[in-house]
Amino acid sequence: MDLLRSEPMQLVQLIIPIEAAHRSISYLGDLGLVQFKDLNADKSPFQRTYATQIKRCGEMARTLRLFKEQMIKAGVSPSMQNTRNSVIDLDHLEVKLKELEADLLENKANNEKLQHTYNELVEYKLVLEKVGEFFSSAQNSAVAQQREHDVQTTVKGSIDSPLLLEQETTAFSAKQVKLGFISGLVPREKSIPFERILFRATRGNVFMKQAVIDKPVLDPISGEKVDKNVFVVFYSGERVKSKILKICDAFGANRYPFSDDLGKQFQMIREVSGKLSELKTTIDVGLLHWSTLLQSIGHQYEQWSLLLRREKAVYHTLNMLSFNVTRKCLLAEGWCPVFATSQIQKVLQRATRDCNSQVGAIFQILQTKESPPTYFYTNKFTSSFQEIVDAYGVAKYQEANPGVYTIITFPFLFAVMFGDWGHGICILLASLYLIIREKKYSSQKLGDIMQMAFGGRYVIAMMAIFSIYTGFIYNEFFSVPFAIFAPSAYACRDPSCRDASTTGLIKVRNTYPFGLDPVWHGTRSELPFLNSLKMKMSILLGVCQMNLGIILSYFNAKYFGSSIDVWHQFVPQMIFLNSLFGYLSLIIIVKWFTGSQADLYHVMIYMFLSPTDDLGENQLFVGQKFLQLGLLLSALVAVPWMLLPKPFLLKKQHEERHQGQSYSLVHSTDDPIESGPHSPHGHEGFEFSEVFVHQLIHTIEFVLGAVSNTASYLRLWALSLAHSELSSVFYDKVLLMAWEFNNTVILIVGVIVFICATVGVLLLMETLSAFLHALRLHWVEFQNKFYVGDGYKFAPFSFALLSDEDEL
Amino acid sequence: MYGFEAMTFNIHGGYLEAIVRGHRAGLLTTADYNNLCQCESLDDIKMHLSATEYGPYLQNEPSPLHTTTIVEKCTLKLVDDYKHMLCQATEPLSTFLEYITYGHMIDNVVLIVTGTLHERDVQELLEKCHPLGMFDSIATLAVAQNMRELYRLVLVDTPLAPYFSECITSEDLDDMNIEIMRNTLYKAYLEDFYRFCEKLGGATAEIMSDLLAFEADRRAVNITINSIGTELTRDDRRKLYSNFGLLYPYGHEELAVCEDIDQVRAVMEKYPPYQSIFAKLSYGESQMLDKAFYEEEVKRLCLAFEQQFHYAVFFAYMRLREQEIRNLMWISECVAQNQKSRVHDSVVFIF
């Protein structure tokens, strides 16, 4: 397999006998290498062949959702017992689900009925208690009043006319007898409007008493917990009564009868309590039955839902196939990779054999002008790098895949910005933790951010390894220099080291073998030295990567057989970039090797401004002036070369093809060159001005881009500078300062602050920013040299890809 | 007319406007309606709706569906949308949103009162009420015997109370009185809403006054047509027309004396915006008038979305959803009763 190109794809047609259709599709779903085309796009979902089956699946899914809801209510968690031996098919499942649902619903209804009665009785009991209390207290006060009254009458009796008074009191009590009352419960939040409406409706001719129930009560009708008040309303007259009854109904106040006879009250309370305990046991038994039922469902729930999801997917796929005229077989069209041909054929054969079908399925390859989907065969390591590329745009069919290079260049550019082997080790440990627990994590659902880190675990690991490497080169370990590879090459002139910062050090040993000499750290000239080094390094890296991009455009052009692109795009681009920035790289290297004092800015600027002037002290090598002149001229030539020939050649090519087309033989479009990008254009109208403007834009973009992209690579230097400065600030200003206080508390605080800052700012935020910059360098600076990215992804019908969270 | 709404509108209204425009994008399109009209059974309708915003509301309904369930669930979605918006709204948008529901409140009051007059069960009536027009003590309406009681008992607590000032009489409630009450209330409500929108100013005032004027004119026409041949006097009829709108005041004078539908037509054809509506109808016909008005209304409501930074989008969205639910109800009824030939009679395509 060619790593650089996406898999060769083919459009295939499958003709499947109808009796084997379901099985074939489900086997193909197991295989997961065919992307079906929707052949019924003009039909609405319910006009398709298998609409009824999908409706059945939907109905079953509803039942399963009901089970799930009930299971959550009952606190039963679906346990994944792999009882694979009891393979169940859809029809049986449907029957079984129906039975279980009916069972469950009946059970639920019974329970609810019982619960309803139970709640009613509870409310009744509450009413009896509260109203009883109220009545007894009222009676007590009434008795007390009566007694007082009696005392008064007996005292005054002899003087006043007792007869009249007696008459009055009896008349009064006679009136009292006519007072009726209603008692019951009303939801607390409605109690005030209730009282108000009662008052208004009866014009104040009621007496109402409410008592608060401390605990919320289960409402018999809704079955929910509600705060309620017990009320008693006294009224007189039938009309008022009917009004009150209506208002009670309107407010959802449950009424319960009550008698003011004490004996009866006690009897009723006793009765109610007896009934309550009876009901309680019945309800408990019902609930037990309910939960065992749910438990048995829970054992198989996962299996059923998996089966249902698969069946639904199969029927959705079947709906995409078109019926043959004879209605004996189904016609499928789809894309599959060429290497899968034999596997698909084998699977189809197996399916027809398993179904005892009379005729086998037919597999044939179709010719098409349509652009096939892009399919990169990735593994768990490469897939996340491919994702980085795909996030920008899916590669056009069979164009060079930058993902291959990204695997190395991405972590490397990241590490250039993040060079610190201490930080690198921290990140490596974190990513290794994720990699080691890969099996566990991949099966469970993670949080948003965690999922992201887990998905990119191999990218992170690679980035960490590379930043350990660049950390050694920069000699940074939490901004502490270590002389690991050898002792420093420099030493002070005398033991006191007084003049180290004025006259400098002397070289006593061989050059430090790998990376930066630790002695640079903390000196006054550290920054100018590192800046110059990193800046030049960034330009070298950038020019290399951009050259790689242009070379890839050559491979693309060669693969698609377009010599115009090779000669009038690739060659001038190479010349232009390398005559300017390739030359810059060259003189950077020459300067490094020769140790020359030449000013490179000066060289580059005056190469344009006055190319014929003498270089003077900035001369790096003999003949530099003539080389520069030559390079400048070739760069100038390259620009019109990029701009002009291509549109004219395309126009010519189009005209030739157009003339030839009407006479030439109809040749098969077998070879990939013909189905390349240009053949579809040939048949459409050719708009010269459009092509020319397009080319103009392209040229301008490249010429300006050569400058701006090179400058853009300087972010490598900037970020790496920022990183090292930040980490040295945390180290010097927090850790060392805390150390100097010689106080344990301050030291502990300092260490904590240092750790938080290192983790929060350097390990998380800096990683993110370096990641984003590396991403940009790949997407913009690298990929715009060659990458079209207008393809679409291969999305095969596969059971493995049915995600678990997918709603039923 | 236009202030600097664009500068400050988004501080409070931006989020909700985005929300409502998102909801509007979820309205069914002509393609959806075409598909729905081809459905063979209510299950097909459910299946089709499951791909729309109604999906989550319908998915847990067991299979033998009824039209009422579909309508109920769809209304539930509208109510949820509304409640969500109301929760997020600040003044004056929250008041504006509340105004939208008063119409339903009036309808609910009338429904309950008429129901109790005909000895229906209150619970059953409550189920029929539009959930947007519910208020706490609505069930108590059943107690009232005449309008004074109605007002004093229940409505004094509701936002409808100020509208009642015109129709407090001690007359017993009967069908005629109730209908007059409904229209008086509606008139007061529309006028109040109109004043409120004028107070808000800017694009809201401009668009809403247009929409409300249309509503008022439509009601005027309907009142006229419905009162032809009843004992309602001309003066009484005149009193029920809202005091704004395109027809106010001269059109109202003419409508008040109309004695048959063709006279109404003659009056209305003097007003260019209504000419096109009546041009679609043949003489003497009033059946299709409702649909024609609905179509015109939908067109105007859709236009409200063409401008930004105003509240009329909320009104328009609620109205469009209601129209959509009416459409769904009609389609489902036609499908359920095997009357598919009549399916296009009453469906108003929104887009």
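Start by selecting A:Arg203, A:Arg239, B:Arg148 and B:Arg152: together they form a patch of positive charge on the surface. In such a patch, residues have over 30% relative accessible area and no salt bridge, and like charges are joined within 9 Å. A salt bridge would be a side-chain nitrogen of Lys or Arg within 4 Å of a carboxyl oxygen of Asp or Glu. Areas come from the Shrake-Rupley method with a 1.4 Å probe, and the place of an Arg charge is taken as CZ.

This is a predicted model, where local features need pLDDT of at least 70 and side-chain atom pairs count only at pLDDT 80 or more. Residues are numbered from 1 along each chain, and chains are lettered from A in the order in which they are written.

Now zoom in on A:Arg203. It sits in the loop between helix H5 (188-201) and strand S4 (207-212) of chain A; helices are DSSP runs of at least four residues (H or I), strands of at least two (E). A:Arg203 is exposed, at 61% relative accessible area (exposed is over 50%, buried under 20%, partly exposed in between).

Next, stay in chain A and pick A:Ile72, in helix H2 (residues 51-74). A:Ile72 is exposed too, with 61% relative accessibility.

Buried residues make up 55% of chain B.

Technical notes:
Heavy atoms only, no water. Patch = residues over 30% accessible without salt bridge, like charges linked within 9 Å, V, L, I, M, F, W, Y side chains within 5 Å. Lys, Arg positive; Asp, Glu negative; His and termini not counted. Buried < 20%, exposed > 50% of the residue type's maximum accessible area, 1.4 Å probe, protein only.
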